[in-house]
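Please look over the chain below before reading on. The report that follows goes through it part by part.

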Amino acid sequence: MAVMDRARTVSQAEPTARGTGKKGAAGLGVLLALLATVIWSGSFVATRGMADTVPPVQAVFWRWIIATVAVAPFAARQAWQQRALIRRHLGFIALATLFGVTLYNTLVHQAGLTTSAANMGMIMAASPVIMALYGRLGGERLGARRTFGLVLAALGVLLLVGDGSLGFDFGAGDLWMFGAALSFATYSALLKRKPAELGGLAFLITTFVLGALMLAPAYAVSLTVQGGFEATTGTVGPLLYVGVFSSAVAFFAWNKAVSVIGAARAGVVYYLQPVCVAGLGFLLIGERTGPAQLLCMALILGGVGLGARR
């Protein structure tokens with residue numbers, strides 16, 4: 001009897017343990033998505049800061065060279081061990097690289113020439129809508145609460161970009177950022193198809209190397225036409241930030257978050273980006289946030305809170 005009682009106790013405890021484990025994994029996924037979002041928010045400020053001194057293609061090329069060097073001590077061994085697996089899935093990895101590394105970041109740096117860091121962050125917050133649509137097309141159920149949270153956060157973003165109204169007058173930089181949002185959402189959707197046996201670090205360093213190779217011809221043209229840039233504190237500092245933190249750290253955190261909680265739920269957390277950018281703008285360059293913007297941010301935060309929960 002005692003043995004049977006212990007067996008029943010264990011069998012009753014197992015579902016609870018599994019449920020707790022799932023909640024813990026989901027919480028970790030949300031935290032990783034938040035970490036990536038905060039780091040990327042800083043990258044918009046850094047990108048805008050060097051827009052007048054470093055040509056966009058050159059900035060992105062050196063970003064991935066720096067990122068490769070930063071991640072190599074941790075990822076090179078795994079990539080070498082999985083080289084056969086990388087060759088087998090090279091087509092998928094190249095496609096993910098094109099959208100997530102090459103196009104996305106080039107468009108962001110191009111947008112930085114003609115729009116503000118705040119606008120960049122606000123417009124990029126549109127990408128979770130596209131992520132959710134991709135997820136829905138792939139059969140992922142969003143649920144009424146998550147859908148309402150998505151709509152609420154989207155409304156907050158639209159009002160924030162429209163300065164309190166739904167009428168828009170986007171400039172060239174804003175349009176480049178919409179292209180970046182579409183590219184990033186496509187990359188996040190592709191992550192769902194990443195082969196499970198392919199290690200995260202091996203995948204990361206391979207995309208960094210491929211991204212630099214894809215940009216090499218454009219980099220050579222930029223050097224010829226625009227000339228190089230001067231290595232100063234104002235150029236090297238931002239490049240190190242976007243190379244080490246915004247690339248190596250943030251991409252690893254984001255990829256892991258998507259693998260744990262999915263692109264749609266990670267995308268809802270990404271809605272916090274305008275709030276993070278506004279906070280960094282106030283701390284770093286003294287930009288103040290008015291009552292209307294605070295109301296819009298409250299909508300975004302409320303939408304995130306609803307959308308991030310199951």
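## Gln226 and helix H9

Gln226 lies in helix H9, which covers residues 200-226; helices (H or I, at least four residues) and strands (E, at least two) are DSSP runs, numbered from the N terminus. This is a predicted model, in which local features need pLDDT of at least 70 and side-chain atom pairs count only at pLDDT 80 or more, while totals for chains, interfaces and linings use all residues. Residues are numbered from 1 along each chain as its sequence is written, and side-chain values use heavy atoms, with hydrogens and water left out.

The side chains of Gln226 and Ser222 are joined by a polar contact of 2.6 Å. A polar contact is a pair of N or O atoms within 3.5 Å; within protein, one must be able to donate a hydrogen and the other to accept it, and residues adjacent in sequence count only if both atoms are side-chain atoms. Gln226 is also 7.6 Å from Pro55, C-alpha to C-alpha, although 171 residues separate the two in sequence.

## The chain as a whole

What elements make up the chain, and how many helices are there? The chain has 13 helices and zero strands. Its pattern along the sequence is α-α-α-α-α-α-α-α-α-α-α-α-α.

Of the 310 residues in the chain, 48% are buried. Buried means under 20% relative accessible area, exposed over 50%, and partly exposed in between (1.4 Å probe, protein chains only). The accessible surface of the chain is about 14800 Å², and 68% of that belongs to carbon and sulfur atoms. Accessible areas come from the Shrake-Rupley method with a 1.4 Å probe; for residues, only the protein chains shown count as cover. Among contacts in the chain with a separation of 6 or more, 90% are between residues 24 or more positions apart, where contact means heavy atoms within 4.5 Å.

## Two nonpolar cores

A nonpolar core is a set of buried Ala, Val, Leu, Ile, Met, Phe, Trp, Tyr and Cys residues joined through side-chain atoms within 4.5 Å. The largest one here has 64 residues, and the members that touch the most others are Phe44, Trp64, Met124, Met177, Phe184 and Trp254. Helix H9 gives the most to this core, with nine residues. There is also a second, separate core of nine residues, which includes Ala132, Leu142, Ala153 and Ala154.

Which residues does Trp64 contact, leaving aside its neighbours within four places in sequence? They are Val101, Asn105, Phe208, Ala212, Leu215, Ser247 and Phe251.

Ala153 counts as buried because its relative accessibility is 0%. Gly149 is buried as well, at 0% relative accessibility.

Ala153 and Ala298 are 145 residues apart along the chain, with 8.8 Å between their C-alpha atoms. For Gly149 and Ile300, the separation is 151 residues along the chain and 8.5 Å between C-alpha atoms. Apart from neighbours within four places in sequence, Ala153 is in contact with Tyr271, Leu299, Ile300 and Gly303.

Gly42 touches Tyr241 and Leu280, not counting residues up to four places away in sequence. Gly42 and Gly279 are 237 residues apart in sequence, yet 9.9 Å apart in space, C-alpha to C-alpha.

Asn255, in helix H10 (residues 233-261), counts as buried at 12% relative accessibility. With residues up to four places away in sequence not counted, Asn255 touches Tyr187, Leu191, Phe203 and Leu204. Helix H11 (residues 263-270) is largely enclosed by the rest of the structure, because eight of its eight residues are buried. Among them are Arg265, Gly267 and Tyr270.

Leu95, Leu98, Leu103 and Met214 make a nonpolar surface patch of about 280 Å². Patches are made of residues with over 30% relative accessible area and no salt bridge: like charges are joined within 9 Å, nonpolar side chains (Val, Leu, Ile, Met, Phe, Trp, Tyr) within 5 Å. A salt bridge is a side-chain nitrogen of Lys or Arg within 4 Å of a carboxyl oxygen of Asp or Glu.

Helix H4 (residues 90-111) gives the most to the patch, with three residues. Leu103 is found in H4 and is partly exposed, with a relative accessible area of 35%.
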